[in-house]
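Hi,

Here is the structure I said I would pass on. Have a look through it first, and then read on for what turned up.

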Amino acid sequence: MAKFKLKLPKMGESVAEATITSWLKEIGDTIEIDEPILEIATDKVDSEVPSEVEGVLVERFFNVDDVVQVGGVLAIIETEGDANDISENDDAITENVIQEAPQQEAISYVEETVAVAQQAVETPVVVSTDNRFYSPLVKNIAKTEGITQEELDTIPGTGKDARVTKSDILQFLENRNGNGVIAPAKIDPVPVPVKTVQEPVKVQKTPVISNGEDEIIEMTRMGKLVSNHMTSSLQTSAHVQSFIEADVTNIWNWRKKVKDAFFKREGENLTFTPIFMEAVAKALREYPLMNISVQDDKIIKKKNINLGMAAALPDGNLIVPVIKNADQLNLVGMTKQVNDLANRARLNQLKPDEIQGGTYTVTNVGSFGSIMGTPIINQPQVGILALGAIRKVPAVIETPEGDFIGIRYKMFLSHSYDHRVVNGALGGMFVKAVADYLEAWDIKREI
């Protein structure tokens with residue numbers, strides 16, 4: 001029987017690890033090719049890990065909530081065959097994998113492990129206390145130089161709030177190495193009120209008042225990520241909004257005319273979303289300073305136009321798949337991209353690469369009946385456009401013969417942008433350009 005190592009696959013350049021959220025197969029279960037074995041989560045997206053072979057699951061090396069590095073061996077699948085696929089020299093395999101190594105190699109491995117363990121035991125462990133805070137740098141120097149906790153606590157601190165600095169600990173080492181012994185110094189209590197130190201903890205742990213009839217729901221992992229991302233964005237960017245109303249009567253009538261033929265020919269539903277995304281891509285080409293990000297005090301002007309498309313998930317959370325090089329797609333290609341990403345987002349089948357690299361985001365609040373909104377910027381971008389619901393409204397229509405009242409299809413475009421780098425003129429002209437593209441839609445356009 002051959003053994004196949006199921007490894008955590010690469011999931012994008014910026015993804016180095018993943019957390020196991022659930023095992024879909026138990027030891028002894030029969031596995032088919034491409035059948036999902038477990039579910040994983042990264043800081044970008046949740047996904048499944050399928051099997052590349054068929055066989056029987058014989059070993060699992062991680063539990064739920066364990067963090068695994070990309071390339072790490074997750075499990076062993078026993079397959080039909082003579083060759084053993086488990087390599088004795090595979091660096092990615094975990095310590096739980098049983099390797100058929102020679103006895104001498106096993107002994108050497110054990111001796112090396114014992115030596116490392118002894119070194120870890122012998123190395124002094126230093127920690128911060130209630131009255132003494134030590135930075136990671138100071139702790140690292142103490143560990144490297146063999147400074148004990150008792151010795152560290154005697155070092156007078158010259159930093160803020162009497163903290164021990166790098167200079168303090170190096171001076172201590174110089175004195176100790178020169179004299180062999182250093183007299184303990186009297187340390188005055190750190191003049192920090194206990195209440196001030198504990199106050200943030202008390203705020204975090206303050207329970208929400210509820211009665212016995214209330215239901216307490218734990219936030220999902222995705223919900224926590226979204227919550228943190230939104231809060232961070234508000235703390236980072238100076239949000240400001242511009243609103244404009246667009247007459248999309250021509251688009252409404254044109255889509256109604258061509259959507260059935262389009263579906264028969266392409267096998268895809270022609271929604272309004274790809275039409276709006278095309279207009280946004282054109283406007284970004286016209287106003288490239290909306291296609292930027294901010295890093296410290298520098299502005300990064302993006303070469304590619306990658307449109308994020310906010311999509312609601314069945315569990316109420318939000319995810320933003322990205323349409324890469326959106327300005328290079330025709331309407332057919334845009335429609336297929338929009339439908340594919342939206343469908344796979346709902347099925348939790350997006351890959352990490354497909355939700356990264358966005359340069360501007362569009363969200364359709366109109367799908368829930370909202371006529372406008374004030375969306376939060378998707379960092380590190382500087383703008384996001386909310387598409388309101390399309391409504392039939394009475395409007396003044398100007399003609400050579402005079403003005404008259406007619407029924408038109410209209411919608412609001414709500415543009416949130418980062419006022420640190422985007423002024424009101426640019427933010428307003430950009431959303432006006434989107435509206436102009438929509439209102440100038442050619443009702444005779446071929447697709």
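Is arginine 60 buried, partly exposed or exposed? Bear in mind that this is a predicted model. With a relative accessible area of 26%, arginine 60 counts as partly exposed, because the buried class stops under 20% and the exposed class starts over 50%. You'll find arginine 60 in strand β6, which covers residues 55–60. Leaving out residues up to four places away in sequence, arginine 60 touches Trp23, Lys25, Glu26, Ile27, Leu74 and Ala75. Isoleucine 76 is 16 residues away from arginine 60 along the chain, and their C-alpha atoms are separated by 6.6 Å.

Next, the helices. Packed pairs like these are described by the angle between the two axes and the distance between them.

Start with helix α8 (residues 273–286) and helix α10 (residues 424–439): their axes come within 9 Å and cross at roughly 130°. That angle falls between the ranges for perpendicular (65 to 115) and antiparallel (over 145), so α8 and α10 are oblique to each other. Their crossing is right-handed. On the α8 side, the residues that meet α10 are Ile275, Phe276, Ala279, Val280, Lys282, Ala283, Leu284 and Glu286. The α10 side brings Phe430, Ala433, Val434, Tyr437 and Leu438. Sorted by class, this contact has 11 nonpolar, no polar and 2 charged residues.

How much of α8 is buried? The count is 11 of its 14 residues, so α8 is largely enclosed by the rest of the structure. Among the buried ones are Thr273, Pro274, Met277, Glu278 and Ala281. The length of α8 also works out: at 1.5 Å a residue, its 14 residues should span 20 Å, and its end C-alpha atoms are 20 Å apart, which agrees.

The other pair is helix α7 (residues 249–266) with helix α9 (residues 331–346), packed at an angle of about 75° with axes 13 Å apart. An angle from 65 to 115 degrees counts as roughly perpendicular, and therefore that is how α7 and α9 are described. Trp254, Phe262, Arg265 and Glu266 of α7 make the contact with Leu331, Val332, Thr335 and Lys336 of α9. By class, the residues of this contact are 4 nonpolar, 1 polar and 3 charged.

Glutamate 446 is exposed, with a relative accessible area of 71%. Tryptophan 254 is 192 residues from glutamate 446 in sequence, yet the two are 10.0 Å apart in space, C-alpha to C-alpha.

Cheers

Methods: Residues are numbered from 1 along each chain as its sequence is written. This is a predicted model: local features need pLDDT of at least 70, side-chain atom pairs count only at pLDDT 80 or more; totals for chains, interfaces and linings use all residues. Side-chain values use heavy atoms; hydrogens and water are left out. Axes are lines fitted to C-alpha atoms, for helices over the stretch in contact, and angles run from 0 to 180 degrees between N-to-C directions. Helices (H or I, at least four residues) and strands (E, at least two) are DSSP runs, numbered from the N terminus. Angles under 35 degrees count as roughly parallel, over 145 as roughly antiparallel, 65 to 115 as roughly perpendicular and the rest as oblique. A crossing is left-handed if the near helix is turned anticlockwise from the far one by less than a right angle, and right-handed if clockwise. Contact means heavy atoms within 4.5 Å. Ala, Val, Leu, Ile, Met, Phe, Trp, Tyr, Cys and Pro count as nonpolar, Asp, Glu, Lys and Arg as charged, and the others, Gly among them, as polar. The expected span of a helix is 1.5 Å times one less than its number of residues. Buried means under 20% relative accessible area, exposed over 50%, partly exposed in between (1.4 Å probe, protein chains only).
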